[in-house]
Structure formats: C-alpha cells, structure tokens
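Subject: Handover of a structure

Dear colleague,

I am pleased to hand over the structure shown below. Please look through it first, and then read the notes that follow.

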Amino acid sequence: MEEEELQKAVLTYLRKKGFTKTELALQEEQQNRLPSHSDLPLSRLENSPGRYKNGYSKLRSWAHCSLDLYKHELLRVLYPVYIHCFMDLVAEGHMQDAREFFQNFREDHELMHLRDLQKLEGILSPSHLEEMELARSLRQNKVRIKICEYSYDLLLQYLQKTQSFSILGIVNERINFEVSPGQPISISDDAEVVALVGSSHDLAKHINQKEVRWGLLEDSVEERLEKGNSDSEKAEDENKEIEPEENKAITMIFFKTLKRSAGGGKQTAPSKKSKKDKLVAATGKNVRSETSTVAVAPRVKPELTLPVMPMEVEKMIINDLRNRVQLSSMALPSVCFYTFINSHNGLNCSAISQDGSFVVGGFSDSSLKVWDMSKIGQSATLGEDQSTFNEHLVGTEEGKSSCTVFHGHSGPIYSATFSPLGDFLLSSSSDSTIRLWSPKLNANLVCYKGHNYPVWDVQFSPFGHYFASSSHDRTARIWSMDRIQPLRIMAGHLSDVDCVQWHANCNYIATGSSDKTVRLWDVQTGECARIFIGHRSTILSLAMSPDGRFMASGDEDGAIMIWDLSSSRCISPLMGHNSCVWSLAFSREGSLLASGSADCTLKLWDVTSSVKGQKIEESKTSTTNRLRLLRALPTKSTPVYTLQFSRRNLLLAAGALSKC
C-alpha cells in the first residue's frame, strides 16, 4: 500500500471513531513536516553546485578502498571525472565552487597530469572553455580508458547504487570504456590505457588495420653494397675450394705441428691466441646479427619520384658505409657535441649536416647562423674586433669567417634542417613561412607560403628534394623544392602538429601533436595510415629505425615509446628523462637509440634486446618490455637540442650552454 493511501485510511478511521483531536494533530504534523531529500524537485538537486564535490569525493573514496587487484584500474576513472566536474561547474557559472573543487583534489593528479592542470588552472570564466584549446578538446571529445570486465561491472554497480546523477552523466558522456576480458591490465601498461581520442576511436581502430609497407626501397645503395659483399664472400669461398694441393699440404703440416706443440702441456701462447680468436669470432657473429635487421627488411617501390643520385655522391656514401663502425651494447658510439655559448637564451633550434662539417642555429631574433667547422680555428686566431668585423664580410677573400648570418624571416625561427648532401638548408618560423637557403651562395633561394600559423618543424626527406612541415594550424604538409605550393596536406590532429619525421622509404611521414597522439600518413594519398595512442603529454620528437619497422617518440614529460608500425602497438615504453625529450636518433644499423633532453643528459638505449624480447612476449598477456639503459652521458649545463648519427655511426649532438 502506498504512503498516501495509508495516511488517508488512518484519517478516515480516526474520523469514524470520533478522535477529533488526534485527527487534527496528525493533519498538522503532516503539514509541518519538512520534505525529505528524496521529495525535493529533481531540478533543485541538479542545480546544486555541491553535487559535484559530493559525488566525486564518494567515487574517490570508493576507488581507493577497492581491492588492490582492481584499484589501479578504477583509479583511472578519477581524472576525467575530476576535470569534467570542474569544467561543468565553470560552465554553470559557479566559479567559486569550481576553484575550491579544483584545489581540493588537485594533488591526486599532479604526478601524471601536471601540465594539463597548469593549463586548466587558467580557466577563470565560462568563455575560457571555448577559448582554451585543451578545454575545448576535452569537452568535444571522449577519453578512452582500457579496463577489465570485472572492474567495469564494479563501477556500474557503484554508480547504480549511489544514484549520483552528475557523476553518472559525466561517465556516460565523456568516457569511452574499452572493456577487455580476463585479468586487469598491469600497472606498467598505464601509459597506454588512458588517452584523448575523440569520437573517432572506432575510426582509429579501422585505420590501424590498414597495411603498412615498412620496408626499404628497392635497389638502394645499402642493398647494392650488401649484394657486393655477399658476392665477394662467395668468390673467396670458391677460391678456397680450388686451393692448390701444395698449400693444402703445407696447411696440414702446420696443424700437425701445432697439435704436437699443444700436447706438450707448457705452450701457453697458442691457448691465449685461440681464446682471442674465439672472442673475435663471437663479436663478428654479433655484428652480422645486428646489421642483418636492415639487410633482411622487405623491399618496396617508391611512391614519389626520387631524384637521381650523382655517381660521386654514391661513391662517397659507399665509402662511408664500408668504414662504418658497427655499434652494439658492447660497442657504444663516440659522441661529438657542439655547444653554443653566449646565446643568452635566444637559441630555439639547431641542426648538424650529415658529415658534421656545418652547424646551424635558429634564433629568436629571426636570424639563422651557420658555422663552418673547418674555419672555427681560423677565426679563433683573430682579435675580437677583427672577428666581429669579418662576420659581415662573408664571401670575400679578405675576411672569411666561420659564421654566416642569414636574414629573411620576420619572426623567431623554430626549426632548421640540412639536406642529406648538405648543399641546401631549410628553416621554419613563427611568420608561417619556410625558407630554402644555399650555404654555398649565402642566399635565400625560395620562400614557401602555405601554413596559416607558426611552423614548428620542417624536415628534409632521406633522399632530399622533398620536405615535410608541421604547424600550429593542426596540419602537416609535404613540399618539393621546385614548387612553392604544398603537394599534400595532412589534416586530422586535434591540436598543434609539433614535430614531423620521414620514414626510411619516403612513402610515409610521422607527425607528433599536442593532442598526445602520433600519426603515420601515406605520402601518396595523404590519408592517415596509423594512429598511435599512449603518451600523456605533447609529443616533441620522433625517429625512425633504419629498417623502417619501428618508430620512437618522445614527449614533454620525458617519456619515450617505441612503436611497431606493422601492429601499431607500443613495444617499449620507458621513463628515463626528467624533462622534455627534444631529440631522438637511431644508430645506422638500428641497434641503439640515442635520446637528448632538456635535463642536460644524453642517453643510449639498447634497442636490439628490446625487439628480441618483444618477439618472445608476443604470445603473453603483457606486451611491455622496457629498453635497457646502456649509458647516461650528462653535460655540464647544456640541454640537448638535436641528435643524429653520421653515416659512419658517429653520434653528433648540439645544445646551448645554460643553467639546467
């Protein structure tokens, strides 16, 4: 029986029996009774600003008190709920309550999301939600969270039991759960289980199913050299087979003599020599196994019309390949570090030519300076006044300086890069233009206009002629030197495209963005071929392995991830730096990865062991296999701006002297 019917029945009974005073007292009590929390209008409950704080604090307490096996998964839900509670309070105009809520629970998320919180802290009015790019992206797109089936059921049961409509609405509208059967995802995989992917997460799954031809180009210089080496080895084997009988006899006599002397028991020299020979043989096998990753890579045809390589250039490259130092975990590279002094925090970027003979720096005063390393010693012998005077006489016989200053941009220069042969130089600026320079002619050749906002990065293709750029306008573009308009425009990122990198076969480019994703684009079609999700902050650097199968990405928080292009999975996330990772580079045979950071360190990682471990772990639940740190090389007080390996595997690096 309902409560109202029961009350009517009681009043009727009292009236029938003549209990007038009791009837009046009961009616007065019903009129004076305060309405309960459940009797309040739903509109009043929904408009109360305190509902967000109560709902979030209860969810937070419940998640922290859950079983340890599922706690780390349930805690992932707190951050998106927290930021959307704050933004909903701001949108409703409850600014004071929004500030209190933001400050009360901020400490829970500072460890993993400090940079996002620093940006969101600047929201002071509802209009800021539309003006701030991060807030707009968060409100327009969903957050993807990987969670196991049992944890998902626990969360649903809690939300249904508490009937917290504000929290339930945020979970339904703002979070996209990817539920997986089985045990919870390990804590070490947290880096890739929470990401802002927008409403196109299903599209990302569809995109990642496309085939990526990650091999090297057919008939490349490396392939021809490899064939030449194999042919020479075969010729040597044939010569050994047709060895004269006399030499065979001499060899047999020599081995018999050696065997008799070894049987004497006191001949220690031959035993030492044999151990040394075994060591050399072992290292030789290691070298072959490491270099075979490039040799066995599949061959693909180029989708772009590549320039013809001159014969003298090809001979120079072959000579460098023959004299290349084979690197491994036991044989680390030599490092040549160029330090900019007295830059007064004006240096924004730097680049080094392939052979290390030229170094360029892009400055905030819109100037581009190129140093010729062969003339550094000559300028040092001049006096200060004479050296300064000679900087303005570049190109004349009387006053040759080691530094050439280029002027042309009308804003700070954010990126610079040399062509593979070092005969051209590209720079990009906040004036939304890209300029092509000739170090030989000391002149600006072309000004490329196409972007609408600052251009953050520009990179030449591995074969020259083509280059790619990335900009604040959320696009990446592909250009050729002989055309002033872009050939392709890659659009799809939700925020700035901060860095760009070419694939080894020139058929793809990779882009890193402030939306915390990395994308791989097909150069021929301009379509997205891969979306890599896992970073928690802006991606600042990218690098491709020499065989084209793997890609490394570094972000603003110091995290580095190694991705498999064929499966679009992260095989090796690692946390080795304390600040922004500004540069990444694979060694020429792909066995090592070098990373440079704003924390004034250069680190070397063992890629070979990680890739081998990944093959073993593919059949297991966890796919994470962290790279082994081989060496950390700290500078005195110089953040590492750029890194690259020369063709002979010399590691070249540059940075500006400052206080770390």
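Serine 545 counts as buried because its relative accessibility is 3%; buried means under 20% relative accessible area, exposed over 50%, and partly exposed in between, with a 1.4 Å probe and protein chains only. Please note that this is a predicted model, in which local features need pLDDT of at least 70 and side-chain atom pairs count only at pLDDT 80 or more, while totals for chains, interfaces and linings use all residues. Residues are numbered from 1 along each chain as its sequence is written, and side-chain values use heavy atoms, with hydrogens and water left out.

The surroundings of serine 545 are as follows. The residue is found in the loop between strand E23 (539-544) and strand E24 (550-555). Helices (H or I, at least four residues) and strands (E, at least two) are DSSP runs, numbered from the N terminus. A polar atom of the serine 545 side chain lies 3.3 Å from the backbone nitrogen of arginine 549. Neighbours within four places in sequence aside, serine 545 is in contact (heavy atoms within 4.5 Å) with Ala504, Phe550 and Phe586.

Aspartate 555 belongs to strand E24. Is aspartate 555 buried or exposed? Aspartate 555 counts as buried, because its relative accessibility is 2%. Its side chain makes a polar contact with the side chain of histidine 535, at 2.9 Å. A polar contact is a pair of N or O atoms within 3.5 Å; within protein, one must be able to donate a hydrogen and the other to accept it, and residues adjacent in sequence count only if both atoms are side-chain atoms. A polar atom of the aspartate 555 side chain also lies 2.9 Å from the backbone nitrogen of alanine 559. Leaving aside neighbours within four places in sequence, the contacts of aspartate 555 include His535, Cys580 and Val581.

I turn next to one of the sheets. Four strands form an open sheet in the order E7-E8-E9-E10, with antiparallel pairing. Its edge strands, each pairing on one side only, are E7 (347-352) and E10 (403-407). Two strands pair if DSSP finds at least two bridges between them. Strands of a sheet pair through backbone hydrogen bonds, either parallel or antiparallel. Strand E8 (residues 358-363) and strand E9 (residues 367-372) are joined by five bridges in the antiparallel sense. Glycine 361 has lysine 369, in E9, as its bridge partner.

Which residues touch the most other members of the largest nonpolar core? They are Val81, Tyr82 and Leu120, in a core of 41 residues. Helix H6 (residues 78-91) gives the most to this core, with ten residues. A nonpolar core is a set of buried Ala, Val, Leu, Ile, Met, Phe, Trp, Tyr and Cys residues joined through side-chain atoms within 4.5 Å. Not counting residues up to four places away in sequence, tyrosine 82 touches several residues, among them Tyr56, Phe101 and Leu117. A second, separate core has 20 residues, including Val300 and Cys528.

Finally, some overall figures. The protein has 20 helices and 32 strands, and 47% of its 660 residues are buried. Residues 406-438 are 0% helix and 58% strand, with end C-alpha atoms 10 Å apart. For residues 574-609 the values are 8% helix and 56% strand, with end C-alpha atoms 14 Å apart.

Yours sincerely
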